[in-house]
Each structure stands twice: as C-alpha cells, then as structure tokens.
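Welcome! Please take a look at the sequence and the structure below, and then let us walk through a few parts of it together.

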Amino acid sequence: MAASVSLQLEFSGGAELLFGGVKKHHVTLPFQSDACDIRHLLVWIKQNLLQERPELFIQGDSVRPGILVLINDADWELMGELTYKLQDEDSITFISTLHGG
Amino acid sequence: MEVATRMRQNRHTLMLLARGCASLSLATEARPESNCGCAELLTGGGGGTWMFWRNLNTMPVCCNSCLEKNAVLKRPKTGHSLCKECFFTAFEEEVHQTIMSGQLFQRGETVGIGASGGKDSTVLAHVLKVLNERHDYGLALLLLSVDEGITGYRDDSLETVKRNQQQYDLPLKIVSYEELYGWTMDDIVKQVGLKNNCTFCGVFRRQALDRGAMILGVDKICTGHNADDIAETVLMNVLRGDIARLRRCTAVATGSEGAIPRCKPLKYAYEKEIVLYAYFKKLDYFSTECVYSPNAYRGHARAFLKDLEALRPSTILDIIHSGEHLSVKEDVRMPVQGNCSRCGYISSQALCKACVLLEGLNRGLPKLGIGKHQKLHHKLLAQEPLTEQERRKLKVLDL
C-alpha cells in the first residue's frame with residue numbers, strides 16, 4: 001500500500017488562469033491511496049493550489065458546472081465522478097468550457 | 001481483442017454480482033439509453049457496493065457503439081458511452097446531418113467561417129474541412145476573422161487563427177475595427193468605459209463579418225454557435241422580452257434579407273462535446289476571457305443553464321426545442337426590416353445601430369446608441385445640432 005499518491009494535474013481551457021497560469025502540476029498527496037477520492041482531491045486543490053476566485057472552480061463539494069474532468073483521459077462521468085478512488089500516477093485533467101469561443 | 005472481451009465479461013459478472021448483493025442500496029434509476037445497466041452501477045455506488053468499488057473503480061466502461069474499445073466520454077445528448085473513434089464519427093456525422101437537413105450549403109459556394117481562434121470556431125473549421133472532403137460538398141472554405149483591437153486578448157487569439165490557417169490550409173482574411181470604423185475597442189473603452197462597451201463590440205462585429213465577407217465575395221458565413229450558446233440566447237431573449245429575437249434566434253440559417261446568409265452548423269452540438277473533440281483531436285485553440293467583458297447578465301444565464309444541465313443534460317436541447325416551436329401571436333408588432341439610409345446595411349430604423357454608435361463616438365456622445373434614441377435619428381441624418389439638454393444626456397457620466 002502506497003504511503004502517498006502522486007498525481008499529474010492539468011488545468012486548461014482557461015481554468016489554468018485560476019492557478020497562476022500554470023497548466024501542469026505534479027503533486028503528491030499526503031493521503032493513503034484508499035482514503036483518497038476525487039472529492040478529497042478537490043478539497044486539497046482548493047486549499048493548496050487554487051490561487052484566486054475559488055467560486056469559479058469549486059461549487060459545493062464538486063467542480064463548478066461547465067468544468068470537465070478527465071481521469072486518465074476519460075470522462076469522469078464514466079468513472080464514478082467524486083467517488084473515484086485515486087491511484088498512484090493517475091493523471092487528472094480539468095478543462096473549462098466557460099471561456100469564449 | 002481477446003483481453004477486451006474477457007474484461008467485458010468480467011465486468012459484467014461483477015456488475016451482476018453487485019446487483020444481486022446490493023440491489024437495495026442502489027438508488028439510481030435504470031436509464032434506457034445504457035444497454036446493460038452497468039453504467040448506473042459505476043456512478044451510483046452506495047455503501048453496500050463498496051466491496052466491488054475497488055474493482056469497478058479501475059474497470060473501464062466499453063464503448064456502446066463498437067463494443068470493443070474503452071469509452072472515453074459519456075455523451076450529454078444521448079447518455080451513450082463512446083470510445084474516441086466512435087465519438088469522432090458520431091460528432092462529425094451529426095454536424096453533417098445538421099448541414100443536410102437544414103440545406104445549409106449548395107455545391108460551388110464560397111463559405112466564410114467566422115474564426116475567433118476559440119474552441120467553437122476552431123472545431124467548426126476542422127469539422128467543415130473534414131466533411132467537405134468526406135462528403136464532397138464542393139465548397140470553397142475560408143477563414144474570416146475580426147480584429148476588434150483589444151490588446152492582450154484579440155492580438156493573441158489572432159495568432160491562433162493564423163496557426164489554424166496553416167494547419168487547415170485555408171485562406172484567411174482579417175478585417176479590423178480600425179480600418180472599418182476608425183476606432184479600436186481599446187480606444188472605444190477609453191471613451192465609454194466598461195459599462196456599455198460590449199454593445200459597441202457586438203454591433204460592430206456583426207457588421208464587420210459581413211463587410212469582410214463582401215470584400216471576399218463569400219456566399220455564406222457560418223459561425224461556431226453551439227447548442228449551449230443557442231439555449232442561452234433563447235433564455236436571455238425570454239428574460240428580456242425580446243420577442244423579435246426570440247423568434248429568430250433558434251433558426252439554423254438566417255435568410256438573405258440584404259445581408260449575407262448565415263448559418264450555425266454546430267447548432268445541436270453540446271459545448272462539452274466540442275471541448276472534448278478539440279481535446280482528443282489536440283486542436284490548437286485559444287481560451288482567455290476577453291479583458292473587457294465582465295458581461296454579468298449573460299454570465300448569470302450561462303451559470304443557470306450549466307446548473308440545470310448538470311442535473312439533466314437534455315435541458316439544453318429541450319430549451320432549443322421550445323424556442324423552435326414557440327409561435328408569436330399575430331397581433332405582436334414586429335419591427336420591419338429596411339436599410340440604413342447612411343450605409344445601406346439592414347436596419348429596422350432610419351439609421352443602423354452601428355452608424356448611430358459611430359456617430360456617438362465621433363461626436364463625443366457615446367451614449368447616443370445606447371438605449372432608445374430613435375427620435376434623434378432625423379436630426380443626425382439632417383446633421384442638425386443637438387440641444388444642450390440632449391447632449392448632456394448622451395455624455396458619459398464622470399465618476
């Protein structure tokens with residue numbers, strides 16, 4: 001059992017603007033892997049990475065509607081959304097659809 | 001292939017087990033669109049299914065269409081789970097359907113794609129190029145961009161359009177506010193402030209696309225408006241009581257009354273699918289909010305729709321459907337379309353909105369085109385001076 005979970009986080013489609021303009025973040029979460037799901041990850045992101053206007057990223061205990069989440073390049077709606085249990089080396093992508101076209 | 005089959009069987013067995021053991025804890029209702037009911041189990045885990053979660057967690061969902069590859073997205077429109085290839089095909093062929101059923105193009109036409117460098121127009125340009133070749137539409141495609149003159153926003157997004165031009169090998173024409181109107185948005189904002197600037201930009205852009213299209217001899221303009229945009233517009237027109245626009249805004253193509261016909265091939269495409277199409281195809285697009293648009297009212301309508309969509313994805317198409325089938329009472333007075341007596345552009349007034357806005361800018365009375373000042377049109381046309389009282393009302397209040 002891993003003592004911590006390493007993740008590749010990516011923010012794009014304009015969501016990176018809330019994270020100091022940085023798209024890719026390699027992070028290690030201080031949780032044991034079986035205690036850590038996306039719900040926990042969002043709380044951790046809000047406390048540790050999010051730099052401004054948290055309401056544009058988090059709404060309630062989930063992401064703001066209009067932000068797409070991909071787990072290892074697959075739609076999180078296929079993976080249990082907030083209840084998906086993170087695995088070591090997972091890659092999680094957040095894409096905002098809320099920016100102009 | 002063999003592995004995929006075995007995994008599917010395993011997954012199915014697990015699902016059945018999970019159902020048998022813990023059916024009481026499953027609150028999610030069976031949805032008709034998923035063929036075996038597995039998807040519900042994946043998203044609707046209760047306490048009793050925890051034992052299986054560890055396995056289901058990493059267990060991929062297979063594509064509802066080819067039944068071979070792993071699904072990469074759940075379509076908001078149909079609820080289907082599709083793999084990358086099946087999604088690309090479904091997305092492109094649905095745009096093709098929109099084009100065919102709306103008879104949007106005729107063979108031999110030159111079609112200008114309104115290109116901003118954003119996700120919608122980038123996907124539109126890509127898909128139209130693919131479909132034009134695949135289904136032999138016989139169209140000459142080109143990219144048409146408007147440079148509003150917004151430093152730090154449009155200059156960057158135009159760089160994206162220039163890359164798209166190379167990537168898709170399509171001709172590109174950029175028309176600028178500065179050359180058409182003698183004003184950049186940066187200059188306009190300096191004069192009018194951040195309150196009504198979007199009105200100027202919106203009115204000028206609409207005309208600018210037409211003027212660019214005329215310069216190029218384009219037969220039709222198509223824009224990247226998607227299903228979410230159209231649903232949002234229906235909602236906003238309801239909220240503002242703008243019946244004339246409410247009636248027009250869901251049309252997939254606008255008629256040719258004076259201006260160049262326009263169409264929206266992505267009318268039924270969800271924003272989520274457009275963004276994922278661009279992501280999986282690794283299309284190059286630009287995504288920064290305009291520096292001048294807090295645009296609060298549209299923002300609220302948008303957030304409201306996104307909240308509803310999260311609860312029930314069909315909301316978007318349902319609102320469009322409602323908009324399409326509304327009928328306006330006979331006795332509602334609709335504006336009569338005529339032409340601007342100054343520039344000739346279509347207008348329901350003696351002077352078109354762009355000419356009034358421009359006149360206001362040039363006279364240092366920027367509020368001239370904001371709100372209703374039709375009574376002043378004859379004075380403007382006759383170049384009569386305004387009274388001191390009229391002038392005072394039309395100046396920007398200095399705070």
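## A helix on the inside

Eight of the eleven residues of helix H15 (residues 353–363) of chain B are buried, so this helix is largely enclosed by the rest of the structure. Buried here means under 20% relative accessible area, exposed means over 50%, and partly exposed lies in between (1.4 Å probe, protein chains only). Helices (H or I, at least four residues) and strands (E, at least two) are DSSP runs, numbered from the N terminus.

A word on the model: it is predicted, so local features need pLDDT of at least 70 and side-chain atom pairs count only at pLDDT 80 or more, while totals for chains, interfaces and linings use all residues. Residues are numbered from 1 along each chain as its sequence is written, chains are lettered from A and ligands numbered from 1 in the order in which they are written, and side-chain values use heavy atoms, with hydrogens and water left out.

Among the buried residues of H15(B) are Cys355(B), Leu358(B) and Glu359(B). The buried residues pack against helices H7 (177–181), H8 (185–192), H9 and H16 (377–381) of chain B, where contact means heavy atoms within 4.5 Å. Just after H15(B), Gly364(B) takes a positive phi of about 75°.

## The sheet and its helices

Chain B also has an open sheet of six strands in the order S5-S4-S3-S6-S8-S7, with mixed pairing. Strands S5 (172–176) and S7 (253–254) of chain B stand at the edges, each with a single partner strand, so one side of each is left without a neighbour in the sheet. Two strands pair if DSSP finds at least two bridges between them; S4 (residues 140–147) and S5 of chain B pair in the parallel sense over five bridges. Ser145(B) has Ile174(B) in S5(B) as its bridge partner.

| Helix | Strands touched | Angle with S4(B) |
|---|---|---|
| H6(B), residues 154–168 | S4(B), S5(B) | about 165° |
| H9(B), residues 197–216 | S3(B), S4(B), S5(B), S6(B), S8(B) | about 140° |

## A residue in chain A

Is Ser6(A) buried or exposed? Ser6(A), which lies in strand S1 (residues 5–12) of chain A, is buried, with a relative accessible area of 14%. Leaving aside neighbours within four places in sequence, its contacts include His26(A), Thr28(A) and Asp88(A).

Conventions
Axes fitted to C-alpha atoms, helices over the stretch in contact; angles between N-to-C directions.
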